[in-house]
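Here are a few friendly notes to read alongside the model. Take them one at a time, and keep the 3D view open as you go.

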Protein chains: 4
Amino acid sequence: MGNGHGWWNFDTRGVRDAPGFFSSFEHSRRSIVYIAPSGVQKERILPEHIFVLPFPQPPSPHADRTFLRRPKQNLKESACTPLFWNAFELRNAGSCIHTHSQHAVMATLLWTGDTFTLSHQEMIKGVRIGGTGQALSYLDTLVVPIIENTPNEEDLKDSMGEAMKRYPDAAGVLVRRHGVYVWGLDWEKAKTQAECLDYLFEIGVKMKLAGLPAVIES
Amino acid sequence: MGNGHGWWNFDTRGVRDAPGFFSSFEHSRRSIVYIAPSGVQKERILPEHIFVLPFPQPPSPHADRTFLRRPKQNLKESACTPLFWNAFELRNAGSCIHTHSQHAVMATLLWTGDTFTLSHQEMIKGVRIGGTGQALSYLDTLVVPIIENTPNEEDLKDSMGEAMKRYPDAAGVLVRRHGVYVWGLDWEKAKTQAECLDYLFEIGVKMKLAGLPAVIES
Amino acid sequence: MGNGHGWWNFDTRGVRDAPGFFSSFEHSRRSIVYIAPSGVQKERILPEHIFVLPFPQPPSPHADRTFLRRPKQNLKESACTPLFWNAFELRNAGSCIHTHSQHAVMATLLWTGDTFTLSHQEMIKGVRIGGTGQALSYLDTLVVPIIENTPNEEDLKDSMGEAMKRYPDAAGVLVRRHGVYVWGLDWEKAKTQAECLDYLFEIGVKMKLAGLPAVIES
Amino acid sequence: MGNGHGWWNFDTRGVRDAPGFFSSFEHSRRSIVYIAPSGVQKERILPEHIFVLPFPQPPSPHADRTFLRRPKQNLKESACTPLFWNAFELRNAGSCIHTHSQHAVMATLLWTGDTFTLSHQEMIKGVRIGGTGQALSYLDTLVVPIIENTPNEEDLKDSMGEAMKRYPDAAGVLVRRHGVYVWGLDWEKAKTQAECLDYLFEIGVKMKLAGLPAVIES
């Protein structure tokens, strides 16, 4: 994970609100993917718990994933793996983060349509077009698609991919009653995107609950 | 406490909201129970402050508990001890955690009946049937019984036990205006259950206060 | 400050909400009082910044305080000093803590009379009669007097003293639009009282804002 | 940054709510200015990432800034630089802090006019006249001007300067939908001002949302 020190210090509101439940991964050299195990206490993960996979995955007659290394312990790779692949393949991302942030979940409950929209917040300038491009301007309206949750996390792959294609400028994908997927060119940038979006979900929820409009015309 | 390191890092919202007031214990080898002392600053507990008891307790003509070791200081074992025993005996739990989380308390105030119910939240998948069995699915409705508080904590033993028998799938028991009891096969799993349930109490309370329905039909 | 280690770890919600603004002191040997300096960053206090006073203060023809030691730096003792003295003299306390906790302040705004009252909360059992006596029972209603703020903190001495005499069972005194004074037999017990009361102010405020009654008849 | 230790421990609510997004600087010797880089994770800044500038800036035929030292990495100085200069030149400040605190942002949304006003809060006594003068009294009403945000942060320089001249007693300047600028004679005092103001924005927002008046007549 490149600079492990920074990694373990990871401390956004989104992550803190879901301690031990975020999943993340990264392939800084674009040929190797590191994936956290599923269902473990994330604050106690050690390097030997990480799954290592080749990217792209070699063609295979069956659907099994190919690994370069698996933890010796009886662990399973994060169920988010195919969703992380969306970020790698569709956005050329080098890192993807998933959280169950309550700000993200509340945003999907208060924005009942298929997008979260918010305008005129300085922090919007921290969000990048498509998650990996240029930064948005203060005059841009943030639009993050919301997809419906499915019982099996893997089944989100197609709807997440469709949302990413339909909203090519979106820096993340919200999953109703579940959380959010965010990505970036590397883990530092993915973390920054996750922090900016979580801040915007949080203040958007506060504004909505206070009866303030989330989007205003310039 | 097996891996003390992880234990002392224990840092859920529920615990943080009630600093120094949670009680917990564990018997990883199923024949020895460790119990924290009552009414002390939990962040300052040292190993020598822990009570050690045999499990099961040997038959005794009087109701006194049998100890393998008592702290040398003038301390009393947690008043939750008989309630922890419910989790050991009725659920075969290896660890039981009690918190005064304000999310749990607010849930018992906003859900005025005898259960807390919540559906369609991804985090429900982190909760195990009966606290020690298979995980719930996203389509399951979380049901946590709520019992009425009593002036003496020990007097909750019977009503907690009845609630656990009446709701054999429940992963915890809420106590109105008081807090929650949660358990697991070992302390790591009990901690995960406590974190998942606390997240669900918190978001349930937020939803209720925002006028959103806590349970929706599939 | 007896065990300085515990002291510096002091971390209640009340204190965290007012970082650098709580004042506290203690005289564990009943003849020496330690007082923090005023208007400094409390997380950066060093032992040499502490004022040391004899207790009781020797008679003096003028109103000046007598010190056993003053910091060499140009510091002033906490303006709360005469209020701490109330706790020492009227309650035989060994330690007194003052915070600007927003939970305490909000409680004084939502309880517009001259007392904060709350019943049927388990955490009430953590509060001691008069702050230094026996613990309250679950069936007791918590009553904390609220006095009006004054421009000069020292001027609260008389009204705080009157409130303590009028409510001899109260474990603390709230100051409207200001904060709370809490005490205990030693610093550990004062800290526990401060944590319990702050928890109760916080949940009381949440209940009031949610339209729930703060006191119910048994 | 004088005592770097204190600096890195910087931990107000305002900063915590905007992790990695506050900017700050200081010129304790009044001839050298240190400025943080833009768009980086503030918790990972190292001394070699800091820009060092002479103060005042030497006259220059073009608008370029003069530096005594630039980071070797490809970094850009904070976009707040000209705004920090306002605090140095108009208030003789030795340090200026900028945060995106959600309390500040919510305050600018709930106070729709051109000032945030709050009275009768003890913490007002922690705020200094003009940020660097004598402390306010409990009977003073806090007034913080609010300016409108601009797409480019640098463009706030003039309206911030005008607000500082129009409100010479104000200890900070709020920027609508953006955050706040706060200053002090040195970094410790700027931090204290930032903490006091953030506390007051937070409680002001809570009061407004609870339907309580923010300003009362004495």
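1. Start with the neighbours of D:Asn149. Leaving aside those within four places in sequence, D:Asn149 is in contact (heavy atoms within 4.5 Å) with A:Glu122, A:Tyr138, D:Leu156, D:Val175, D:Arg176, D:Arg177 and D:His178.

2. A word on the source: this is a predicted model, where local features need pLDDT of at least 70 and side-chain atom pairs count only at pLDDT 80 or more, while totals for chains, interfaces and linings use all residues. Residues are numbered from 1 along each chain as its sequence is written, chains are lettered from A in the order in which they are written, and side-chain values use heavy atoms, without hydrogens and water.

3. Is D:Asn149 buried or exposed? D:Asn149 is buried, because its relative accessibility is 13% (buried means under 20% relative accessible area, with a 1.4 Å probe and protein chains only).

4. The side chain of D:Asn149 makes polar contacts with the side chains of A:Glu122, at 2.9 Å, and D:His178, at 2.8 Å. Such a contact is a pair of N or O atoms within 3.5 Å; within protein, one must be able to donate a hydrogen and the other to accept it, and residues adjacent in sequence count only if both atoms are side-chain atoms.

How values were computed:
Buried means under 20% relative accessible area, exposed over 50%, partly exposed in between (1.4 Å probe, protein chains only).
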